[in-house]
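Hi everyone, thanks for coming. I'd like to walk you through one structure today, so let me put it on the screen.

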Amino acid sequence: MSESKADLRDETPKPRRRQARGERRIQQLLDAAAHVFCRTGYTSASTNAIAREAGVSPGTLYQFFPNKEAIAVELGERLNRRMMETHGIVFAPENVGLPLGELLDTVLDPMIEFNCANPVFLALIQSSDAPGRLLEEHAELHDSIQDRISELIGVRNPGLSPERRTHTTTMAFALFKVGLALILGHEGAEREAYVAELKAALYGYLAPVLGTEGVRARP
């Protein structure tokens with residue numbers, strides 16, 4: 001046969017290279033969209049502005065995304081996955097028994113870092129006309145995080161009634177979200193000051209419920 005195995009090997013990598021190039025282009029467009037959404041807001045953003053930010057033609061953008069909504073949904077899905085990975089790590093069983101101060105550092109620092117590195121995450125969620133699919137996925141993430149907080153509280157204080165645990169979980173998460181908005185609204189030393197204030201507020205609120213010392217987590 002005239003076609004050798006070497007010939008076949010030469011052919012196989014090409015689709016993979018095309019796929020890799022396509023993924024790089026998609027990420028380029030998503031990064032550009034994140035900048036535009038943060039700068040102008042989702043409502044005012046346009047596909048032309050995103051294409052300009054990415055340094056490509058609108059035609060190139062439309063090869064990958066049919067409209068602005070599709071870009072926002074893809075960007076939101078990727079951010080949601082990364083946030084799920086983050087809170088999966090911070091709520092690991094081995095962290096639950098830490099002294100309260102260390103526990104707050106372990107849980108809050110990665111979540112604050114993620115949101116500071118990805119301000120578009122909240123910019124999209126807070127938009128009045130964000131795509132419904134994006135909001136639904138964020139609601140699922142929100143519920144998942146609340147469930148993990150509730151589990152943590154239950155391990156730290158198994159004697160709490162279900163009603164008190166729900167109230168404590170809801171209030172702690174609300175404090176975090178309010179504090180996070182202040183943190184994201186500042187930079188440098190002011191941001192660090194609000195991080196410290198958020199931790200102090202949560203420490204003061206949770207200490208009477210969870211105790212301040214380390215505990216032995218249930219297997």
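Leaving aside its neighbours within four places in sequence, which residues is isoleucine 50 in contact with? This is a predicted model, by the way. The list is Leu29, Ala32, Ala33, Val36, Phe37, Leu61 and Ile71.

Let's zoom out from there. Ile50 is among the residues with the most contacts inside the largest nonpolar core, along with Phe37, Leu75, Leu124 and Phe176, and that core has 59 residues. Helices H2, H3, H5, H7, H8, H9, H10 and H11 each supply at least two of its residues. Both domain 1 (15–66) and domain 2 (68–210) contribute, so the core lies between them.

Now, the aromatic rings. There are 3 aromatic pairs by the rule used here. Take Phe114 and Phe121: their ring centres are 5.5 Å apart and the planes meet at 85 degrees, so we call this pair edge-to-face. Phe114 is buried at 7% relative accessible area, and Phe121 is buried too, at 5%.

Phe173 and Phe176 make a stacked pair, with 6.2 Å between centres and 10 degrees between planes. They sit 3 residues apart in helix H10, about one helical turn. Phe173 is buried at 6% relative accessibility, and Phe176 at 7%. Over the ring of Phe173 you'll also find the charged end of Lys177, 5.0 Å from the ring centre. Elsewhere, the charged end of Lys68 sits over the ring of Tyr42, 4.4 Å from its centre.

Last stop, helix H9, residues 132–156. Its buried residues include Leu134, His138 and Arg156, and what covers the buried ones includes helices H5, H10 and H11.

Terms used
Residues numbered from 1 in each chain as written. Predicted model: local features only at pLDDT ≥ 70, side-chain atom pairs only at ≥ 80, totals over all residues. Heavy atoms only, no water. Buried < 20%, exposed > 50% of the residue type's maximum accessible area, 1.4 Å probe, protein only. Helix = DSSP H or I, 4+ residues; strand = E, 2+ residues; numbered from the N terminus. Contact = heavy atoms within 4.5 Å. Core = buried A, V, L, I, M, F, W, Y, C linked by side-chain atoms within 4.5 Å. Domains from an automatic or database assignment. Phe/Tyr/Trp six-rings, centres within 6.5 Å; stacked < 30°, edge-to-face > 60°. Lys NZ or Arg CZ within 6 Å of the ring centre and 35° of its normal.
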